[in-house]
Structure formats: C-alpha cells, structure tokens
Amino acid sequence: MVSADDEKLSALLRQGRDSPPLPPRFQEGVWRRIENAATVEAGSWLDALAVLVLRPRFACAAAAALILAGALLGARQGAQAAKQAAQARYVALVAPNPLR
Amino acid sequence: MSRSLVIVLGALALGAAVFTGAYFAGQRVGAVCCANPADDLNWLREEFHLNAAQMARIRQLHEAYRPQCARMCALIAAKKTELQAALAGQTNVTAQAQKELTELGELRAQCQAQMLRHFLAVSRAMPPAEGRRYLVEMEKITLGFHEAIEQSMSPHPGHEQGSP
C-alpha cells in the first residue's frame with residue numbers, strides 16, 4: 001500500500017533530481033541509429049540464409065537432394081545417348097550411307 | 001563483401017559442383033548400363049520389346065541380309081569410281097558419264113528396294129504394332145534422307161518463277 005507520506009516523498013525526490021543536458025546533435029544521433037537498425041533488418045535475410053546453409057542438417061539434406069537429382073538426370077541422359085548410339089549402329093549396318 | 005554473402009555464394013558454388021559431379025557420374029553409369037556394344041541388334045530388342053524367338057528370327061534375317069548389303073555397297077563404290085573416271089578432265093557430261101550416272105542410279109534403286117524388302121521381312125518377324133513402328137522408323141531414316149534433299153531443292157512458296 002502506498003501511503004500519503006510516500007507520495008510526498010516521491011514528489012520531493014522528482015523535484016530534487018536535475019535532468020542532465022542533452023549531448024550536442026543528440027537528435028541527429030538518434031536518427032542515425034534508427035537508420036542503421038533498418039539497414040541491419042534489410043541484410044538480415046542474407047544472414048538468416050547463411051545461418052541456414054551452415055546448419056548441418058540442412059547442408060546434408062541439400063547435398064543429398066543435389067546428388068540424387070544430378071545422378072538421376074545424368075543417368076537418363078546417358079541412357080538416351082546410349083540408345084541413340086545403338087540405333088545409329090544398327091542403321092549404319094542395314095542402311096550404310098551409300099545405299100541411302 | 002559481407003561474411004554472409006561469402007557463405008551463401010560459397011554454398012551455391014559447392015552445390016553446383018556437387019550437382020555437376022553427380023550428373024556426369026550418372027551419365028556415365030547410364031551410358032554403360034544401357035549400352036551393349038557386343039550386340040548390333042540390341043537396339044531392336046530394347047526398342048521394340050522383342051522376345052528371344054523373335055530376336056532369333058530377326059538375327060537370322062540380319063545375317064542373311066548383311067552380305068547382300070555389302071555386295072551392293074561394293075558395286076556402288078565401283079560404279080562411283082567409274083563415274084569419277086568418266087568425269088575426270090571433261091568440261092561437259094559425256095555419253096559415257098551419262099551412262100555411268102544412269103547405272104549408278106539404278107544400282108542405288110536396287111539397293112533401296114533390297115533394303116526395304118529386308119525391313120519388311122524384319123517387321124513381319126515382330127509383333128504387328130511394333131513391326132509397323134519399326135517400318136515407319138526405318139523408312140524415315142533411310143528414305144527420309146532423299147526427301148530432305150528434294151524438299152530443300154523444291155521452290156519456296158512465293159518464289160516460283162513467273163508468280164505475281
């Protein structure tokens with residue numbers, strides 16, 4: 001419970017405290033700090049991405065996905081190339097260029 | 001350059017390298033697995049889903065056709081040599097060169113007819129649907145060669161002589 005004496009004491013203390021003078025170019029400094037904070041916010045997505053990339057679980061999953069995708073795509077291309085080569089070999093046997 | 005940017009760019013480069021490496025490794029594996037250089041007819045079996053009996057029949061036809069094909073190739077090569085000799089040093093097409101040209105054309109036509117007969121025989125040894133597909137594919141590859149040349153020689157629409 002706050003008594004009437006406490007309130008009086010608080011008022012006296014407030015009156016007795018001197019507010020210090022503001023440093024020179026205080027307002028400009030405040031604005032600069034606000035702007036810097038905004039810049040850090042804009043760059044934070046890159047920081048967040050870097051943190052994500054460095055996370056072992058994410059790095060392993062991404063590497064596995066890339067290896068799987070690359071290997072599957074490569075195998076498909078390789079199989080198609082082999083099929084085309086086999087077709088060309090057969091055609092060259094049954095229909096050599098002079099006959100066409 | 002900020003540290004985060006370096007990390008992200010490094011991760012992208014590493015990812016690209018991993019993907020490329022996996023792609024080329026997969027390509028090599030795919031090429032080795034699907035290739036069978038020992039068998040010239042492997043493509044037929046794979047492409048037209050042929051069983052052992054059909055393959056045996058086609059192999060028989062193929063082996064019978066190859067010497068005929070080689071003989072016609074040799075005849076055409078000899079005729080081309082004769083034609084070149086007839087054309088050598090001439091400023092116009094002589095009667096001899098004309099005769100060689102005609103004979104060369106006849107030989108080529110005989111070859112094509114023989115080739116088509118072989119394709120028809122092979123297609124009959126396949127299941128009907130696959131046989132039709134084989135025939136279309138072979139005609140496209142063999143006769144399409146001349147069609148491409150003839151189409152390139154035909155006048156372009158709108159460029160006919162005397163057209164308004």
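What follows is a short exchange on how two chains of a predicted model meet.

Modeller: In this predicted model, local features need pLDDT of at least 70 and side-chain atom pairs count only at pLDDT 80 or more, while totals for chains, interfaces and linings use all residues. Residues are numbered from 1 along each chain as its sequence is written, and chains are lettered from A and ligands numbered from 1 in the order in which they are written.

Biologist: What makes two residues count as in contact?

Modeller: Their C-beta atoms, placed from the backbone, must lie within 7 Å. By that rule 38 residues of chain A are in contact with 41 residues of chain B. Helix 3 of chain A gives the largest share of the chain A side, 26 residues.

Biologist: Why is the crossing of helix 3 of chain A and helix 1 of chain B called right-handed?

Modeller: A crossing is right-handed if the near helix is turned clockwise from the far one by less than a right angle, left-handed if anticlockwise. These two helices pack at an angle of about 35°, with their axes 6 Å apart, and their crossing is right-handed.

Biologist: What makes a set of residues a nonpolar core?

Modeller: Its members are buried Ala, Val, Leu, Ile, Met, Phe, Trp, Tyr and Cys residues joined through C-beta atoms within 7 Å; buried means 20 or more other C-beta atoms within 10 Å of a residue's own. The largest such core has 21 residues, and Tyr90(A), Leu44(B) and Ile58(B) have the most contacts inside it. Helix 4 of chain B gives the most to this core, with five residues. A second, separate core of six residues includes Ala71(A) and Phe19(B).

How values were computed
Helices (H or I, at least four residues) and strands (E, at least two) are DSSP runs, numbered from the N terminus. Axes are lines fitted to C-alpha atoms, for helices over the stretch in contact, and angles run from 0 to 180 degrees between N-to-C directions. A residue is buried if 20 or more other C-beta atoms lie within 10 Å of its own, exposed if 12 or fewer, and partly exposed in between; C-beta atoms are placed from the backbone.
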